[in-house]
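Here are my notes after a pass through this one. Have the model open while you read, and start with the question just below it.

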Amino acid sequence: MKTLAATRPDAIGIALGAVLDALFGDPRRWHPVAGFGRFAGALERRLYADNRTSGAKFTAVAVGAPVLAALAATRLTRDRPIARTALMAAATWSALGGTSLAREGRVMAARLSAGDLSAARAQLPNLCGRDPSALGPPELARATVESLAENTSDAVVAPLFWAAVAGVPGIVGYRAVNTLDAMVGHRSDRYARFGTASARLDDATNLIPSRLTAALTVAAAPLVGGRPSEAFRIWRRDGSHHPSPNSGQCESAAAGALGVRLGGRNVYGTRVEQRPHLGDGRPPTPADVRRAATLTTAVGAAAAALAVAVRLATTRRRRKPIRR
């Protein structure tokens, strides 16, 4: 049946892609996201103007082109289960970053535990955009825990969510949106207006995944010595205190699960932000960074299982005969 050839291979492909990420991390060479970044950079140079209209046009073309390509590939592989499985596996592996994210967190934990402050500062740009030059061990640990919590949604749960609900076009489109947000969605003189559409679209596509990440974090709290009830309490109390509509959901649930306190003063180049505190615990330590990396892995595994289950459920629902 056509439906069977469309969605069951998708479910198998999601599972294979998640296994590839677990085994190997990000693709080492010819990463599709890097190729998309080059395409988006060239497009920006052609379309850039310091206004929101130009930014909206840029976002529409930059996201629309890969989504249309994914739709075409989906149609071409509709009746070819093996090709469709391979397509979804490749898209999932390319979009996921959970294993590499957890690995970077563990490297930071090891450098902090060894007291190698210079190496720890050099490691931070692999995780977030904060200026590490004046940060001590407690702030480096906090920045890492916050980055792991936020990116568990962006690099793991959200791609799997969109793969589950919209197949290959969904996961490709999400990764394009998230990449654009990283490129032009941040606050700066150049992108204050041009990057608005990309930033808002990224917020919209992460509304559900960020809350799903928080819920899975609550469920996984016992794996890192936390209590689900406490993680849920902190999430519900502090999740909306963050300036981002999504990051606060993930970070507050992680703070509750780990029993730490996040938030505070963050420096991004010449820009300084004072973030509200999330959680009631102590400042994070290197051991908490390791626990946060474990939490990332656990939440990612649960999200992959859910994505496969949702895609299989879609198959069964569509195959159910219509009663006349």
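Is Ala70 buried or exposed, and why? Keep in mind that this is a predicted model.

1. Ala70 first. The residue sits in helix H3, and its relative accessible area comes to 6%. Buried means under 20%, so Ala70 counts as buried. Leaving aside residues up to four places away in sequence, Ala70 touches Val168, Pro169 and Val172. Take Val168: 98 residues separate it from Ala70 along the chain, yet the two C-alpha atoms are 6.2 Å apart.

2. Val172 turns up again in the second largest pocket. Together with Pro32, Val33, Phe36 and Pro66, Val172 lies nearest the centre of that pocket, whose lining has 18 residues. Helices H2 (32–47), H3 (52–76), H4 (81–95) and H7 (137–184) each give two or more residues to this lining. The space inside is about 400 Å³.

3. Next, the largest nonpolar core, which has 58 residues. Ile14, Met108, Leu124, Leu140, Leu160, Leu258 and Leu295 have the most contacts inside it. At least two residues of this core come from each of H1 (2–24), H4, H5 (98–113), H7, H9 (207–220), H10 (228–238), H11 (247–258) and H12 (286–319). H7 has the largest share, at 14 residues. There is also a second, separate core of 12 residues, with Ala40, Leu43, Ala62 and Val184 among them.

4. Not counting residues up to four places away in sequence, its contacts are Met88, Thr92, Leu160, Ala163, Ala164, Ala307, Val308 and Arg311. Leu160 is also on the list of residues with the most contacts inside the largest core.

5. On to the cavities: how many of 30 Å³ or more does a search of the whole structure find? Two. The largest cavity holds about 80 Å³ and is lined by 13 residues, with Leu148, Ala149, Thr152, Ala254 and Leu295 nearest its centre. H7, H9, H11 and H12 each put at least two residues into that lining. Nine of the lining residues are nonpolar and four are polar, with no charged ones.

6. H7 and S1 are the elements that give two or more residues here, and S1 gives the most, with three.

7. That brings us to the strands. S1 (residues 265–268) and S2 (residues 271–274) run antiparallel and are joined by four bridges. They form a hairpin with two residues between them, and Gly269 in the turn has a positive phi of about 65 degrees.

Terms used:
Residues are numbered from 1 along each chain as its sequence is written. This is a predicted model: local features need pLDDT of at least 70, side-chain atom pairs count only at pLDDT 80 or more; totals for chains, interfaces and linings use all residues. Side-chain values use heavy atoms; hydrogens and water are left out. On a 1 Å grid over the protein atoms alone, a cavity is a set of points where a 1.4 Å probe fits but cannot get out, and a pocket is an open set with protein on both sides within 12 Å along at least five of seven lines; lining residues have an atom within 4 Å of a point. Grid points are joined across faces, edges and corners, and a volume is the space filled by probe spheres set on the points. A nonpolar core is a set of buried Ala, Val, Leu, Ile, Met, Phe, Trp, Tyr and Cys residues joined through side-chain atoms within 4.5 Å. Buried means under 20% relative accessible area, exposed over 50%, partly exposed in between (1.4 Å probe, protein chains only). Contact means heavy atoms within 4.5 Å. Two strands pair if DSSP finds at least two bridges between them. Ala, Val, Leu, Ile, Met, Phe, Trp, Tyr, Cys and Pro count as nonpolar, Asp, Glu, Lys and Arg as charged, and the others, Gly among them, as polar.
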